[in-house]
Amino acid sequence: MPYFRAISSRLIAGVLVFLLVTFSATALSSLAPGSVGQLILGDYATPEQIAALNATYGYDLPLWQRYLTWLGDLLRGDLGVTMFSQQPIIGVVLERAAVTFEIAFLAMAVSLIGVPIAMFTASHPNKLADKVMRSVSTVLLAVPTFVIVVLFSYLFAMVLRWFPATGWVKFTDNPLLNLWYVALPVLCLSMHQTAYLYRVARNEFVTTLQEDYIAVARARGLPLAYILFHHALRPAMPQILTVMGLSLTYMLAGSFVVESFFAVPGIGWTILSAVKSHDIPLVQAILSLTVTVFVLVFMLVDLGYALIDPRVK
């Protein structure tokens, strides 16, 4: 029963966060000087054109009524069409989200290499490999993602020509070509989180390997690999799981920089284009999707604690 109460409380908190963020996104359109129609159409639009656009998209209604209408349309799965291309917003968001999620999850998978490296260096503290990896991770943590994007693009795309500098191919069109195009954005996005995950995991493993039960396992003559994977990994998993959840949300947010630089048609690239063109319904839909994903990730991290550590359950 406490377990289900915990799930219920997190669901309620997640719904409240979703409502707060989406309401704030709706309210932002009301903060612009003048009407929303004037903001979208520009200073040269006639009053009739502005009034027609406001009536079409409901911007002439009170804020609370506009939000409830939008929320009802969301529950029905119909958010209308984009203002300029007249495409269904749900279809556009889902198509762009698939691109962003592919990059983020592949980058998350690449960053997991930091865990076995941390296990190895923690089992040989202050050796050459440990010192080198700590130095490399410090440098990667200190360098911002946009700097890594520029450096890697110049090195791997311009000098070595291993990967394309820009562009995108859908996985369903050509899987191998898709992986070739996605490799450089994934590599750039994963560097910072690989270093962060490595540092956290190494500190956890160093602490765990000093415990008495590890000394007993060593005295029994158990292989080092067995000790690391069967005795040291599980106590470190709650902290690693937390970092993984934070890393995934960071990568979803960091995709804005990567997608813009490499001209990848994902959520980040789409919302920047929508903001520039004042496509407010599309911006609202993307913000709603983003906050939903963030809430779900943190809920899954919380529930994952109980699966790893029975004391939490």
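Colleague: Is D130 buried or exposed in this predicted model?
Modeller: In this predicted model, D130 forms a salt bridge with R134, the closest N and O atoms being 3.6 Å apart, and R134 is partly exposed at a relative accessible area of 25%. The relative accessibility of D130, by contrast, is 0%, and because buried means under 20%, D130 counts as buried.

Colleague: By about how much of the helix are D130 and R134 separated in α7?
Modeller: Both residues belong to helix α7, which spans residues 128-142. Since D130 and R134 lie four residues apart there, the separation is about one helical turn.

Colleague: How many residues apart in sequence are the parts that the pair E95 and K170 ties together?
Modeller: The side chains of E95 and K170 meet in a salt bridge with an N to O distance of 3.4 Å, and E95 is partly exposed at 37% relative accessibility, as is K170 with 40%. E95 lies in helix α5 (residues 89-111), whereas K170 sits in the loop between α8 and α9, so the parts tied together are 75 residues apart in sequence.

Colleague: How are the helices α8 and α11 oriented to each other?
Modeller: The axes of α8 (residues 145-159) and α11 (residues 224-262) come within 10 Å and cross at roughly 40°, and the crossing is right-handed. Because angles under 35 degrees count as roughly parallel and 65 to 115 as roughly perpendicular, the two helices α8 and α11 are oblique.

Key. Residues are numbered from 1 along each chain as its sequence is written. This is a predicted model: local features need pLDDT of at least 70, side-chain atom pairs count only at pLDDT 80 or more; totals for chains, interfaces and linings use all residues. Side-chain values use heavy atoms; hydrogens and water are left out. Axes are lines fitted to C-alpha atoms, for helices over the stretch in contact, and angles run from 0 to 180 degrees between N-to-C directions. Angles under 35 degrees count as roughly parallel, over 145 as roughly antiparallel, 65 to 115 as roughly perpendicular and the rest as oblique. A crossing is left-handed if the near helix is turned anticlockwise from the far one by less than a right angle, and right-handed if clockwise. A salt bridge is a side-chain nitrogen of Lys or Arg within 4 Å of a carboxyl oxygen of Asp or Glu. Buried means under 20% relative accessible area, exposed over 50%, partly exposed in between (1.4 Å probe, protein chains only).
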